Amino acid sequence: MPNELQGRKIAFLAADGVELVELEQPRAAVEDAGGQVQLLSLKTGEIQARNHDLEPAGTVPVDLAVGEVKVDDFDALVLPGGTVNPDKLRLDEAAVGFVRDFVRSGKPVAAICHGPWTLVEADVVRDRTLTSYPSVRTDLRNAGATVVDQEVCVDGNLITSRSPKDLPAFCQAITDQFANTPAHT
């Protein structure tokens, strides 16, 4: 449905090294469903994107710095992957705190590929079931999560996927889950 996310504000949190396709495809899915997207990062300006982690993929303009926003400003959160992106996010107190508070708020939080690394740093995966890129799974288990190998895993307000090949299922899952969440006022 083209307007199922009408009136909903969705935050995407990413830093330099974001996997471009994991940012662009979910963003397009949310916007095509009528949602409003704002890209948050560690600072305003632009972030460097990547293809396959190694190839430069241009820059993406940032809407707001994560330290300048509140969870109450948004209805849902998306954490794209790329190995460098979540590694930078998990070293930033404002980003980790925002992710922790978002998960604890009960609002939907979606993470794909290496994106769950930030969830680990925020200490919000214990006793939850998630999926991720294979190299992140040990970190998830060590943080107390149950790990599954499937294209999309939904556990309460957490939605996770393994890799770019899962993007069609991930995009469908996030629009479905975000549509079932009341828009903020």
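**Rings, strands and cores**

Q: Over the ring of which residue does the charged end of K9 sit?
A: In this predicted model, the charged end of K9 is placed 5.3 Å from the centre of an aromatic ring. A charge counts as sitting over a ring only within 6 Å of the ring centre and within 35 degrees of the ring normal. The ring that K9 sits over is that of F74.

Q: Is F74 buried or exposed?
A: The cut-off for buried is under 20% relative accessible area, and exposed begins over 50%. F74 has a relative accessibility of 1%, so by that cut-off its class is buried.

Q: How are the rings of F74 and F98 arranged as a pair?
A: A search of the whole structure gives 2 aromatic pairs. In the pair of F74 and F98, the ring centres are 6.3 Å apart and the planes stand at 90°. Planes over 60 degrees apart fall in one class, so this pair is edge-to-face.

Q: Which residues do the ring pairs link into a cluster?
A: K107 lies over the face of F102, at 5.8 Å from the ring centre. F102 also belongs to the cluster made by ring pairs. Its members are F74, F98 and F102.

Q: In what order do the strands of the open sheet run?
A: The sheet has 7 strands with mixed pairing. Strand 6 (64-65) and strand 11 (153-155) each have a single partner strand, so they stand at the edges. Inside the sheet, strand 1 (residues 9-13) pairs in the parallel sense with strand 3 (residues 36-41) over 5 bridges. The order is 6-3-1-7-8-12-11.

Q: At about what angle does helix 3 run to strand 7?
A: Helix 3 (residues 93-105) lies across strand 1, strand 3, strand 7 (76-79), strand 8 (109-112) and strand 12 (158-161). Its angle to strand 7 is about 130°.

Q: How many residues does helix 3 give to the largest nonpolar core?
A: This core has 32 residues, and L13, L77, F98 and L119 have the most contacts inside it. Strand 1, strand 7, helix 3, strand 8 and helix 4 (116-121) each supply at least two of its residues. Helix 3 gives the most, and its number is 6.

Definitions and conventions: Residues are numbered from 1 along each chain as its sequence is written. This is a predicted model: local features need pLDDT of at least 70, side-chain atom pairs count only at pLDDT 80 or more; totals for chains, interfaces and linings use all residues. Side-chain values use heavy atoms; hydrogens and water are left out. Two strands pair if DSSP finds at least two bridges between them. Helices (H or I, at least four residues) and strands (E, at least two) are DSSP runs, numbered from the N terminus. Contact means heavy atoms within 4.5 Å. Axes are lines fitted to C-alpha atoms, for helices over the stretch in contact, and angles run from 0 to 180 degrees between N-to-C directions. A nonpolar core is a set of buried Ala, Val, Leu, Ile, Met, Phe, Trp, Tyr and Cys residues joined through side-chain atoms within 4.5 Å. Buried means under 20% relative accessible area, exposed over 50%, partly exposed in between (1.4 Å probe, protein chains only). Rings of Phe, Tyr and Trp (its six-membered ring) pair if their centres lie within 6.5 Å; planes under 30 degrees apart count as stacked, over 60 as edge-to-face and the rest as tilted.
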